[in-house]
Amino acid sequence: YSADWVIRIYQWTRTASVVSVQALADGCTRLHLRCPAIAQAIYAKKADGIAAFIYLQHPGISANPLEWHPFTVSGLEWSAGPDREMSSWQGQAAAVPAREGPPDGLTVHIKSMGAGSWSERLHKAALEKQGMTIRLEGPYGHMGINLAKYSHVLNISGGIGFTPCAGLLQLVLDPARRQACLPLLRSMRVV
């Protein structure tokens, strides 16, 4: 128990570089964070890194220094440039450009949970284009099913609940990663 707290306190000192922040429609905020250690830890897990989550803390909007919030990582990022937004695919199959080396950042999508909530304060800060300092802890968890042993996958999700599935879609659209992580996969349906 004590060792866990020492590790967590050490992780709390990590500050991620905020590459970009966007206030999206319906109170959703997109954070693109540069944090090589966490991105590479998720990447190294291959398919087990899908649906990993991290804890975020924003000193400027948190009520106290122990106020941390868990969010699912919706994608990995490489220095060569951010991935294409999923909205630009318009339902068409598209391959993600080949990546060189491991990722050095990640993307998190956060839905506002209403007036006065931490997520609403984050969304307002994004709308006002305030400078952001974000602290990270993690990564933790993974998808509860071993997708590497299936040839066909049906992916059903909706709303902000799509974020765990976004990482899977990103992996599937990258031919090299798909072959390395999900060699049996022949088809994936997204509903």
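Because the model is predicted, local features require a pLDDT of at least 70 and side-chain atom pairs count only at pLDDT 80 or more, whereas totals for chains, interfaces and linings use all residues. Residues are numbered from 1 along each chain as its sequence is written, and side-chain values rest on heavy atoms, with hydrogens and water left out.

The secondary structure comprises five helices and eight strands, where helices (H or I, at least four residues) and strands (E, at least two) are DSSP runs numbered from the N terminus. From the N terminus on, these elements follow the order α-β-β-α-β-β-β-α-β-β-α-α-β. Six strands form a closed barrel in the order E1-E2-E5-E4-E3-E6, with antiparallel pairing; two strands are taken to pair if DSSP finds at least two bridges between them. From one strand to the next, the twist averages 45 degrees, with axes fitted as lines to C-alpha atoms, for helices over the stretch in contact, and angles running from 0 to 180 degrees between N-to-C directions.

Of the 191 residues in the protein, 42% are buried, that is, under 20% relative accessible area, with exposed set at over 50% and partly exposed in between (1.4 Å probe, protein chains only). A nonpolar core is a set of buried Ala, Val, Leu, Ile, Met, Phe, Trp, Tyr and Cys residues joined through side-chain atoms within 4.5 Å. The largest such core holds 26 residues, of which Leu31, Leu33, Ile54, Leu56, Leu106 and Leu136 touch the most other members. Its largest share, four residues, comes from H3. Another core, of 12 residues, lies apart from it and includes Ala47, Ala51, Leu171 and Val172.

Phe53, Tyr55 and Tyr140 form one aromatic cluster, in which rings of Phe, Tyr and Trp (its six-membered ring) pair if their centres lie within 6.5 Å, planes under 30 degrees apart counting as stacked, over 60 as edge-to-face and the rest as tilted. The ring planes of Phe53 and Tyr55 lie at 75 degrees with centres 5.8 Å apart, so this pair is edge-to-face. At 22% relative accessibility, Tyr55 counts as partly exposed.
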